[in-house]
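Q: Could you walk me through this model, starting with the ligand and then the backbone?

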Amino acid sequence: MILSIESSCDDSSIAITEIKTKKILYHKKISQEAEHSCYGGVVPELASRLHAVALPEILKETKSYFERLKAIAVTNQPGLGVTLLEGIAMAKTLAVLQSIPLIPVHHLKGHIYSLFIEKESTLPLLVLLISGGHTQVIRVESFECMEILATSMDDSVGESFDKCAKMMGLGYPGGPLIEALALKGDENRFDLPVPLRNSPLIAFSLSGLKNAVRLKVEACGGHKSMSEQDKADLSASFQKAVKLHLLQKSKKIFAKDPIKDFAIVGGASANNYIRNAYEKLCTEFGKKLHVAPLKYCSDNAAMIGRYALDAYAKKQFIDPDKIDVVSTKKRQAGMHL
Ligand code: KG4
Ligand code: ZN
């Protein structure tokens, strides 16, 4: 079995995965959303302290598996340095105490592998990764070869939902709040720009749209003067503009890339409005849409464990003395994950 740990942002999570069957034998996650909600976003220092309490609490529940562990896996990039360190410190200690190998896991590769937790892997695959930290289209050829085809020039999809929710005084995380409110709203009421609509660039940008939302909130006299209907209409109009932007750029990629399998992963892939739009687009382009089960869309250790299974088979281990947070430089299209 492999014990995997995830602490790259505001979710403390541990999973136990059986190597032979790929089954998740144990999985628990403690989210810190309530604690960060009043700040409208994640406060790294607070997140780190909360991991220091939550991770040992979860680990206690996994003691009965300790004797059968063959490796420890942990997210070591990308993410918040101070929170990654909490998971790394625990993983390092466990690996040394148990004298078993340590596997460093790239968080975004974990998101991609969330697709293969309950299903066989389908490769090659085109993946749209939409999370709180990233918006990327990745061509996943194999375990070793994952090429970034398009990336965000500024805010990510999840981040834009979080920031717009904050502007409307809705709380954190913004994604599920905006999606729920949008169901009651008129998506055509507010005229918002679809980012890079007339640009040939195959890239994503959401800061301009976010600013347009801010101007609409100001025009309403600030969020305190907005009615529930105003907020629902603005949420729906914003979500529609995000969808149109993602679809427009995805169409350009679909037109170029013959890969039949397409997937959406990451926290924002839980959004049904976006999922439904991609279902239609994939039918139009003759592609098959793959999504991870809802419980594995946002950050979790099960996806880290799933990736670690393949890394274990390839003996991709790291010396516990050498593991550290890898500070990831901004990735450009054409680079590999
Ligand atoms: O993948 P994730 O858990 O963490 C990162 O790796 O960043 O993604 C969290 C992000 C948050 O920004 C959250 O607002 C967004 O995913 N999110 C959503 C939805 N559920 C979560 N965004 C849009 N619609 C949703 N239903
Ligand atoms: Zn994530």
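The chat below turns to the ligand site and then to a few backbone features.

Q: Before we start, what kind of model is this?
A: This is a predicted model, in which local features need pLDDT of at least 70, side-chain atom pairs count only at pLDDT 80 or more, and totals for chains, interfaces and linings use all residues. Residues are numbered from 1 along each chain as its sequence is written, chains are lettered from A and ligands numbered from 1 in the order in which they are written, and side-chain values use heavy atoms, with hydrogens and water left out.

Q: OK, which residues come nearest to ligand 1?
A: Of the 20 residues around ligand 1 (a heavy atom within 4 Å of it), the nearest are Gly132, Asp162, Glu179, Gly267 and Asp299.

Q: And what does the shell look like by class?
A: It has four nonpolar, 12 polar and four charged residues, where Ala, Val, Leu, Ile, Met, Phe, Trp, Tyr, Cys and Pro count as nonpolar, Asp, Glu, Lys and Arg as charged, and the others, Gly among them, as polar.

Q: Which polar atoms lie by the ligand's oxygen and nitrogen atoms?
A: Taking a polar contact as a pair of N or O atoms within 3.5 Å, a polar backbone atom of Gly267 is 2.9 Å from an oxygen atom of ligand 1, and one of Gly175 is 3.1 Å from an oxygen atom of the ligand. A polar side-chain atom of Asn271 lies 3.0 Å from a nitrogen atom of ligand 1.

Q: How much of ligand 1 does the protein cover?
A: The protein covers 89% of the 550 Å² of accessible area that ligand 1 has on its own (Shrake-Rupley method, 1.4 Å probe).

Q: What about Lys22, is its phi positive or negative?
A: Phi of Lys22 is positive, near 65 degrees, in a residue other than glycine.

Terms used: A polar contact is a pair of N or O atoms within 3.5 Å; within protein, one must be able to donate a hydrogen and the other to accept it, and residues adjacent in sequence count only if both atoms are side-chain atoms.
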